[in-house]
Amino acid sequence: MTHEPPLLFDRALLMARRARVGAPGAADFLHAEAAAGAAERLIPIARAFPRAALVWPGAPAWRRALEAAPSVGRIDEVPLRADETLDLPEGAYDLAVCGLTLHWANDPVGALIQMRRALRPDGLMIACLLGGATLHELRAALAEAEAAEEGGLSPRVAPMAEIRDLGGLLQRAGFAMPVADGDRIQATYADPLALMRELRAMGETNVMTARRRRFLRRATLARACEIYARHFPAPGGRVRATFEIITLTGWAPGPGQPKPRRPGSATARLADALGVPELPAGEKAPPAPAAPPSTDGPGDKDGGQGGRS
C-alpha cells in the first residue's frame, strides 16, 4: 500500500485567488518585472520561436512581454489547474514560459517535466518563481508578533526554494544546459498593511494547507505592524519589502547541443594551458619567487597621479 505525501499547498484556493488577478495596476508590478526579465533572456538567442506556450498567463504583463519579443510567434495561453496537470500537446512548442507560479506547486518537478515534454527538440523553457528571500521581513515580523501575543507560531508566509537547489530540479526534469539565476527587488510601502493588501491583489496570499483558518488577531496584527516598521524602515516613514525573482532556463534535449565529456576523456592538460609544471596529487607547489623591490615613489601607486589635486 502506497501513501502519497501530504500536499503543502491548497491549489483550489490558489486558483480561486488567482482568478481575481486581472487588470494591470499597482499590483501588477511584480509580474511586469518577472515577465520583462523572461523576455530579455530571448534577446541574445539567435533563433525564432514560432509557437510558444504561456503557462498561467494571469496578469496581462506576461502576454505583453512575449508579444513584444520579435522572435516569438503564436502564443497559446495554458490554464493552470488545481491538480497541476497542464493541457500541453507533446512536442508542439518551441518555447514554454511559466509565469511566476511554480513556487506554489506541490510537484514542481512534475510541472517542469510536463513543459519539457511539450517542447520540440532543442526547445526552450523559462520559468519564473519567487525565491527564499521573498518577504523575509514580513515572515520575521509575523513570527515575533505571534510568539509574543499568542505564545506560539503558525505558517503565515509560505516557504520558498533557495536558488542553489533549483538547478537540480531542472536536471531531474530532464532539461539540458540548466541555469538558475535570481534578481532581488526592494519595494517600499506606506505601511505593512499596504503590503498585505497588494499581496492579496496579486493572488500571493497564504494558501498553505497547514495555515490557521482563523483571521489574525487584532493585537497580533498591530504588534506585527509595529515590529515591521521598527526593524525594516524605508525613507519617508515607509517600510521596505524584498522580492526575489528566480528565473530557470533549460533546453529540451536536441541532437545539436553540446554535451559534457566523460570523466578522463580530456585531450589537453590544465598545467600546459597555465604554463606551470604538473605535480602529483598531494604534492605542494614550490613557493613563488619574491617580487623585486618597488622603485615607485610616494603617491605613485595609482599610476603617478596620487599627488594630483
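This note walks through the fold, the helix contacts and a few single residues of a predicted model.

1. A word on the basis first. Residues are numbered from 1 along each chain as its sequence is written, and side-chain values use heavy atoms, with hydrogens and water left out. Because this is a predicted model, local features need pLDDT of at least 70 and side-chain atom pairs count only at pLDDT 80 or more, while totals for chains, interfaces and linings use all residues.

2. Here is the overall picture. The protein chain has 9 helices and 7 strands; these are DSSP runs numbered from the N terminus, with helices being H or I of at least four residues and strands E of at least two. Of the 309 residues in the protein chain, 43% are buried. Here buried means under 20% relative accessible area, exposed means over 50%, and partly exposed is in between (1.4 Å probe, protein chains only). Among contacts with a separation of 6 or more, 81% are between residues 24 or more positions apart, where contact means heavy atoms within 4.5 Å.

3. Let's turn to α4 and α6. The axes of α4 (residues 108-118) and α6 (residues 163-172) come within 9 Å and cross at roughly 50°, which makes α4 oblique to α6. Axes are lines fitted to C-alpha atoms, for helices over the stretch in contact, and angles run from 0 to 180 degrees between N-to-C directions. Angles under 35 degrees count as roughly parallel, over 145 as roughly antiparallel, 65 to 115 as roughly perpendicular, and the rest as oblique. The crossing of α4 past α6 is right-handed; that is the term if the near helix is turned clockwise from the far one by less than a right angle, and left-handed if anticlockwise. P108, V109 and L112 of α4 and L169, L170 and R172 of α6 make the contact. By class, these residues are 5 nonpolar, no polar and 1 charged. Ala, Val, Leu, Ile, Met, Phe, Trp, Tyr, Cys and Pro count as nonpolar, Asp, Glu, Lys and Arg as charged, and the others, Gly among them, as polar.

4. α6 deserves a look of its own. L166, L169 and L170 are buried in this helix, and they lie on the same side of α6 because they cover an arc of only 100° around the axis. That arc is taken from the directions from the helix axis to the C-beta atoms. As background, an α-helix has 3.6 residues a turn, so residues three or four places apart point the same way. On the other side of α6, R164, Q171 and R172 are exposed. The buried residues of α6 pack against α4, β4 (119-130), β5 (176-189) and β7 (238-251). Just after α6, G174 takes a positive phi of about 90°.

5. The axes of α7 (residues 192-201) and α8 (residues 218-231) come within 9 Å and cross at roughly 110°, so α7 is roughly perpendicular to α8. P192, L193, L195 and M196 in α7 meet L221, C225 and Y228 in α8, a contact of 7 nonpolar, no polar and no charged residues. α5 packs with α8 at an angle of about 135°, with their axes 8 Å apart, and is therefore oblique to α8. α5 passes α8 in a right-handed crossing. Residues in this contact include L138, A141 and E144 in α5 and R223, I227 and H231 in α8. The contact of α5 with α8 divides into 9 nonpolar, 2 polar and 6 charged residues.

6. In strand β7 you will find T247, which counts as buried because its relative accessibility is 2%. Leaving aside neighbours within four places in sequence, T247 is in contact with R41, I126, A127, C128, V179, A180 and D181.

7. L135 has a phi of about 55° and sits in the loop between β4 and α5 (136-150); L135 is buried, with a relative accessible area of 6%. M177 has a phi of about 50° and lies in strand β5, where M177 counts as partly exposed at 35% relative accessibility.

8. Lastly, A32 lies in α2 (residues 29-40) and counts as partly exposed at 31% relative accessibility. The C-alpha atoms of A32 and W62 are separated by 7.0 Å, although the two residues are 30 residues apart along the chain.
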